[in-house]
Amino acid sequence: MTQEATTYHIPALLKPSVDGLDIRPDGTYVDVTMGGGGHTREILSRLGPDGRLLGFDQDEDAERNIPDDPRFTFVRSNFRYLRNFLRYYGVTRIDGLLADLGVSFHHFDDSERGFSFRFDGALDMRMNKRAGQTAADVVNNYDEERLARVFYLYGELKNSRRLAATLVKARANKTIGTIGEFLDIVKPLFGREREKKELARVFQALRIEVNQEMDALKEMLQAATDALRPGGRLAIITYHSLEDRLVKNLMKTGNVEGTIQKDFFGNIQSPFRLVNNKVLTPDEEEVARNPRSRSAKLRIAEKKETEEKNNDH
Ligand SMILES: C[S@@+](CC[C@H](N)C(=O)[O-])C[C@H]1O[C@@H](n2cnc3c(N)ncnc32)[C@H](O)[C@@H]1O
């Protein structure tokens, strides 16, 4: 691994996630979150000369990590457009897809991107710097009810209503443009001892809303389910319970809502077989080496050999 890639990001659950893809050397794979390229390079190292890998990232900064490899195609796009890009590149079936969700260390460590409350700077948080709304747009323009819902749903914050009301009151005097201004308003709402944890939740909620992460994930998971060949694998790493719930639902029931459909005999009908019944998490050694991997959860599923009728589109 190059030094630059190491500083850009340290991949979580690298070996178990790529092992989970059970790579066929001549297969076609997708890494929908290329980032620093750790998982991408590991997949390439297991592919033969006829293998193929498509790597997505919506952040143009990831372009500096594109491997120089003829088997690799970089797609600078949101992975919610997976279906369209597979079609564009003439891919009809994939053998496996890996997703390592959320943001990279690069995002948290770049003071200009606005993802971290360790730095002052623009309240931005867009993974795609050319995309629409910023976190400042959300906190200045959403009505109180909608803001409270964002903090409650995506940050699981108990004082989401108070938080929203405080922001609405503050912005009536002055637009909130920077992280410093934002922190001055919200910090007094949290006790000293839990301040960092709660702020992390506030920032997570805004980031999820700004990047429409839940909708993008749902769309990508549905497209991936349709594109996987029978016997193909999904390996998904999540970092918070909301993402994990969608992935778990999909793998168990074939839909992100988790709606169970049973056959005549009462068996749950799902296009997937769970490869690991229990979620996989980093071992102590990995957490010691890479403390930011602590919350990572890996789920792996295999598309069943016979495609069930309700999943034919
Ligand atoms: C946790 S990092 C992945 C790190 C990567 N596995 C590695 O080994 O370096 C997540 C990456 O996915 C990208 N990303 C997150 N959501 C995305 C989406 N909806 N579409 C495209 N890229 C996305 C982020 O920009 C970030 O670079």
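1. In this predicted model, the largest pocket has a lining of 33 residues. Those nearest the centre of that pocket are Phe108, Ala200, Gln204, Tyr239 and Ser295. The space within the largest pocket amounts to about 1,100 Å³.

2. Which helix contributes the largest share of the lining of the largest pocket? That helix is α10, with seven residues. At least two lining residues come from each of α5 (105-109), α7 (144-155), α10 (195-210) and α12 (241-253).

3. By class, the lining of the largest pocket comprises 14 nonpolar, ten polar and nine charged residues.

4. The volume of the largest cavity is about 420 Å³. A total of 34 residues line the largest cavity, and Thr33, Asp57, Asp100, Leu101 and Gly102 are the closest to its centre.

5. Two helices, α3 (38-46) and α11 (213-227), each provide at least two residues of the lining of the largest cavity. Of the helices, α11 gives the most, namely three residues. The lining of the largest cavity divides into 13 nonpolar, 15 polar and six charged residues.

6. What takes up the space of the largest cavity? The ligand does: the space that the ligand takes is the largest cavity.

7. The ligand is surrounded by 24 residues, and the closest are Gly36, His39, Asp57, Phe79 and Asp100. The shell around the ligand consists of eight nonpolar, 13 polar and three charged residues.

8. Which backbone atoms lie within reach of polar atoms of the ligand? A backbone N or O atom of Phe79 is 2.8 Å from a nitrogen atom of the ligand. For Gly38, a backbone N or O atom is 3.0 Å from an oxygen atom of the ligand. A polar backbone atom of Gly37 lies 3.3 Å from an oxygen atom of the ligand. These pairs count as polar contacts because the cut-off is an N or O pair within 3.5 Å.

9. How much of the ligand does the protein bury? The ligand taken alone exposes 600 Å², and the protein buries 98% of that area.

Key:
Residues are numbered from 1 along each chain as its sequence is written. This is a predicted model: local features need pLDDT of at least 70, side-chain atom pairs count only at pLDDT 80 or more; totals for chains, interfaces and linings use all residues. Side-chain values use heavy atoms; hydrogens and water are left out. A residue is near a molecule or strand if one of its heavy atoms lies within 4 Å of it. A polar contact is a pair of N or O atoms within 3.5 Å; within protein, one must be able to donate a hydrogen and the other to accept it, and residues adjacent in sequence count only if both atoms are side-chain atoms. Accessible areas come from the Shrake-Rupley method with a 1.4 Å probe; for residues, only the protein chains shown count as cover. On a 1 Å grid over the protein atoms alone, a cavity is a set of points where a 1.4 Å probe fits but cannot get out, and a pocket is an open set with protein on both sides within 12 Å along at least five of seven lines; lining residues have an atom within 4 Å of a point. A molecule sits in a cavity or pocket if more than half of its atoms lie within 2 Å of its grid points. Ala, Val, Leu, Ile, Met, Phe, Trp, Tyr, Cys and Pro count as nonpolar, Asp, Glu, Lys and Arg as charged, and the others, Gly among them, as polar. Grid points are joined across faces, edges and corners, and a volume is the space filled by probe spheres set on the points. Helices (H or I, at least four residues) and strands (E, at least two) are DSSP runs, numbered from the N terminus.
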